[in-house]
Amino acid sequence: MNIILVLIPVTLLVVGVGAALFFWAVNHQQFDDLDSPGIVPLLEDDPDQNGGPGQQASSEPSPTDSDSGVST
């Protein structure tokens, strides 16, 4: 029965910390735009980002992309 005297204040402390973190996140605009971050990975890359400077974009497969040359 004495454990209740410990668990009630600990529970109230955890709830208070959770509420404080929630209100901090709301005040710092963490919940303003919930739709855009989910769409960003689906967007096309810019055409000028073809692997960086000094690299050519090749439409031919590299030797590692094809079979290893072993036929069965």
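Predicted model: local features only at pLDDT ≥ 70, side-chain atom pairs only at ≥ 80, totals over all residues.
Local features need pLDDT of at least 70 and side-chain atom pairs count only at pLDDT 80 or more, while totals for chains, interfaces and linings use all residues. Residues are numbered from 1 along each chain as its sequence is written, and side-chain values use heavy atoms, with hydrogens and water left out.

Start with the whole. The protein has two helices and zero strands. Helices (H or I, at least four residues) and strands (E, at least two) are DSSP runs, numbered from the N terminus. Of the 72 residues, 1% count as buried. Buried means under 20% relative accessible area, exposed means over 50%, and partly exposed lies in between (1.4 Å probe, protein chains only). The accessible surface comes to about 7,100 Å². Carbon and sulfur atoms hold 61% of that surface. These areas come from the Shrake-Rupley method with a 1.4 Å probe, and for residues only the protein chains shown count as cover.

Now follow helix H1, residues 2-27. Its 26 residues should span 38 Å at 1.5 Å a residue. The expected span is 1.5 Å times one less than the number of residues. The end C-alpha atoms of H1 are 39 Å apart, which agrees.

Val6 sits in H1 and is partly exposed, at 45% relative accessible area. Val6 also belongs to a nonpolar surface patch of about 920 Å². Other members include Met1, Ile3, Ile4 and Leu7. Patch residues have over 30% relative accessible area and no salt bridge; like charges are joined within 9 Å, nonpolar side chains (Val, Leu, Ile, Met, Phe, Trp, Tyr) within 5 Å. A salt bridge is a side-chain nitrogen of Lys or Arg within 4 Å of a carboxyl oxygen of Asp or Glu.

Next come the rings. The structure holds two aromatic pairs. Phe22 and Phe23 pair edge-to-face, 5.4 Å centre to centre, with 70° between the planes. Phe22 and Phe31 form a tilted pair, at 6.0 Å and 35°. Rings of Phe, Tyr and Trp (its six-membered ring) pair if their centres lie within 6.5 Å; planes under 30 degrees apart count as stacked, over 60 as edge-to-face and the rest as tilted. Phe22, Phe23 and Phe31 form one aromatic cluster. Phe23 is exposed at 51%, whereas Phe22 is partly exposed at 46%.

Finally, Gln29 lies in the loop between H1 and helix H2 (36-39). Its phi is positive, about 55°.
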